[in-house]
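Below is a short report on a single chain. It starts with the whole chain and ends with one residue and its surroundings.

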Amino acid sequence: MNEQLFLKGQRVVTPEGKGEVTDAIGDKIVVKLDKGTTETFASADIQDDSNAG
């Protein structure tokens, strides 16, 4: 299984754009997107933003 652990405050890339993890509940990751909205994604749908400074 290719499971990724996402932590609060971690910068990620989602299908809706880049953002920051605000909560992680099981396989559901809540992300505050840079455009100002908050969305929930399956962990398989997001990636670590390794380019974040």
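Residues 24 or more positions apart account for 27% of the chain's contacts with a separation of 6 or more; contact means heavy atoms within 4.5 Å. The model is predicted: local features need pLDDT of at least 70, side-chain atom pairs count only at pLDDT 80 or more, and totals for chains, interfaces and linings use all residues. Numbering runs from 1 along each chain as its sequence is written, and side-chain values use heavy atoms, with hydrogens and water left out.

The chain has five strands and zero helices (DSSP runs, numbered from the N terminus: strands E, at least two residues; helices H or I, at least four). Of its 53 residues, 28% are buried, that is, under 20% relative accessible area with a 1.4 Å probe, protein chains only.

The largest nonpolar core has eight residues: Phe6, Val12, Val21, Ile29, Val31, Leu33, Phe41 and Ile46. Strand E3 (residues 28–33) gives the largest share, three residues. Such a core joins buried Ala, Val, Leu, Ile, Met, Phe, Trp, Tyr and Cys residues through side-chain atoms within 4.5 Å.

Thr14 sits in strand E1 (residues 11–14). Thr14 is buried, at 8% relative accessible area. Leaving out residues up to four places away in sequence, Thr14 touches Val31, Leu33, Phe41, Asp45 and Ile46.

Key: Buried < 20%, exposed > 50% of the residue type's maximum accessible area, 1.4 Å probe, protein only.
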